[in-house]
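Me: I have a model open and would like to learn how to read its features one by one. Could you walk me through them?

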Amino acid sequence: MISYWIQTALAVPSIWLPLSERATGSLDSFIASENPIALQGVLNNIGSTGAKAAGVDPGLVVASPSKTDPDYFYTWTRDSALTFKMLIDKFIAGDASLQVEIENYISAQAILQTVSNPSGDITDGSGLGEPKFEVNSTAFTGPWGRPQRDGPALRATALIAYSQWLLSNGGEGNVSSAIWPIISNDLNYVGQYWNQTGFDLWEEVDGSSFFTTAVQHRALVEGQTLAERIGKTCAACESQAPEVLCFLQSFWNGEFIVSNINDQSGRNGRDANSILGSIHTFDPDAACDETTFQPCSPRALANHKAVTDSFRSIYGINSGIPEGAAIAVGRYTEDVYMGGNPWYLNTLAAAEQLYDALYQINRLGYLDVDATSLPFFQDFDPLIKAGHYSKDSAVYINITSAVRSYADGYVSIVQIYTPSDGSLAEQYSRNDGSPLSAVDLTWCTSYQRPVSARKVGID
């Protein structure tokens with residue numbers, strides 16, 4: 001990947017912000033300093049040797065060291081899978097020191113799959129939909145939003161990525177004997193239960209979730225590829241992947257992705273759920289495919305605008321920031337949890353989708369603008385028309401430069417509201433940007449690395 005220069009032309013002016021900057025220096029220096037802090041923050045939350053994971057079984061990830069207001073000292077299947085997908089990607093990129101943690105994670109997940117819990121057990125696979133467990137690998141039996149059907153898909157995707165690396169490096173025996181059985185259980189779960197409702201990634205809405213459906217489709221497609229490579233079969237992958245992809249189209253309403261359907265939430269549907277779904281199914285080799293909502297697709301770009309713009313008027317720290325400039329991003333406008341604030345991970349996700357889109361556009365060598373994506377691009381060039389623009393055209397050069405700066409702006413928002421020690425909580429105040437809710441949120445901290453990696457990968 002070619003290097004990417006930092007552009008700060010659209011970085012948020014200080015006159016829009018009620019507080020002085022917490023982090024100082026350029027975006028370059030912020031990312032450089034935050035990356036090792038973020039990685040160490042993740043490792044601190046992994047048992048049994050993590051500095052903030054005392055008493056946690058090896059290979060288990062705690063969502064946060066916070067034990068009160070809120071108590072997140074549990075291990076979630078979803079959060080753990082997303083965290084280890086990041087660590088696996090970093091391992092594949094050359095950090096061999098992470099392999100011990102990855103192997104511990106695999107062993108831990110093999111155990112958790114067999115733990116009977118309120119969602120069910122392994123006999124019919126229903127227990128794989130249990131969202132969280134105690135840190136000693138036993139069932140959490142309290143009331144919760146269950147089942148949650150994204151965890152098995154995300155875990156399968158993480159382990160598939162590691163398995164593919166092993167296969168290319170002499171580890172076929174380990175894949176077939178130790179890892180494929182875990183993956184197969186998860187893929188069978190997805191194939192059996194994808195068309196049943198469950199709770200979304202925010203653990204609040206019982207229905208059909210775009211994020212869940214998107215990651216389920218990815219897992220089935222990648223699972224089939226792995227199965228063929230090692231001489232296994234995945235009946236669920238072959239038969240259900242096309243059905244899941246067909247259902248995924250149900251979330252598009254012609255203007256944006258309705259993040260939850262078949263539910264009774266009464267929300268307007270604009271939710272960071274959909275941005276997260278797009279980046280977690282990002283395919284670097286894909287075109288701007290609308291059916292899979294690739295980051296550069298007209299649907300995904302239109303949705304990015306719809307979701308981010310929905311937060312412009314509801315947060316005090318976004319006051320006065322115009323369309324086409326980065327803002328703080330929360331979960332959804334009706335959010336009331338902990339006061340309904342911006343989330344670090346969602347603000348970073350807004351940047352990541354744009355970096356992913358730019359990577360795809362740069363690789364393709366042209367920019368297509370249609371009626372769906374036109375409002376997104378008009379934020380950067382009010383005179384732009386629908387059409388095909390080659391890489392050497394002035395429109396292509398100016399638009400991609402502006403979108404780069406726009407993406408940088410979201411990272412700059414995080415920079416402004418990151419404490420001087422670099423730690424990231426779950427949320428930051430809608431009024432003054434101070435950190436709120438669970439401290440050292442693993443999922444949030446793990447987002448720093450893929451965002452910076454995507455940033456470096458574009459030019």
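**Reading the cores, fold and spaces**

Reply: Happy to, starting with the largest nonpolar core, which has 111 residues; Ile183, Leu187, Trp202, Leu276 and Tyr410 have the most contacts inside it. A second, separate core of twelve residues includes Leu248, Trp252, Phe256 and Phe293. A nonpolar core is a set of buried Ala, Val, Leu, Ile, Met, Phe, Trp, Tyr and Cys residues joined through side-chain atoms within 4.5 Å. This is a predicted model, where local features need pLDDT of at least 70, side-chain atom pairs count only at pLDDT 80 or more, and totals for chains, interfaces and linings use all residues. Residues are numbered from 1 along each chain as its sequence is written, and side-chain values use heavy atoms, with hydrogens and water left out.

Me: What share of the residues in the protein chain is buried?

Reply: Buried means under 20% relative accessible area, with exposed over 50% and partly exposed in between (1.4 Å probe, protein chains only). Here, buried residues make up 62% of the 459 residues.

Me: How many helices and strands does the protein chain have?

Reply: Helices (H or I, at least four residues) and strands (E, at least two) are DSSP runs, numbered from the N terminus. This chain has 13 helices and nine strands. Its radius of gyration is 21 Å, close to the 23 Å that the globule rule gives for 459 residues, so the chain is as compact as a globular protein of that length. That radius is taken over C-alpha atoms, and the rule is 2.2 Å times the number of residues to the power 0.38.

Me: In what order do the three strands of the open sheet lie?

Reply: Two strands pair if DSSP finds at least two bridges between them. The order is β3-β4-β5, with antiparallel pairing. The edge strands, β3 (198–199) and β5 (260–261), each pair on one side only. In β5, Ile261 is the bridge partner of Ser208.

Me: Which helix gives the most to the lining of the largest cavity?

Reply: On a 1 Å grid over the protein atoms alone, a cavity is a set of points where a 1.4 Å probe fits but cannot get out; lining residues have an atom within 4 Å of a point. Grid points are joined across faces, edges and corners, and a volume is the space filled by probe spheres set on the points. The largest cavity holds about 60 Å³, and α10 gives the most to its lining, with four residues. Residues lining this cavity include Leu301, Phe376 and Thr400.

Key:
On a 1 Å grid over the protein atoms alone, a cavity is a set of points where a 1.4 Å probe fits but cannot get out, and a pocket is an open set with protein on both sides within 12 Å along at least five of seven lines; lining residues have an atom within 4 Å of a point.
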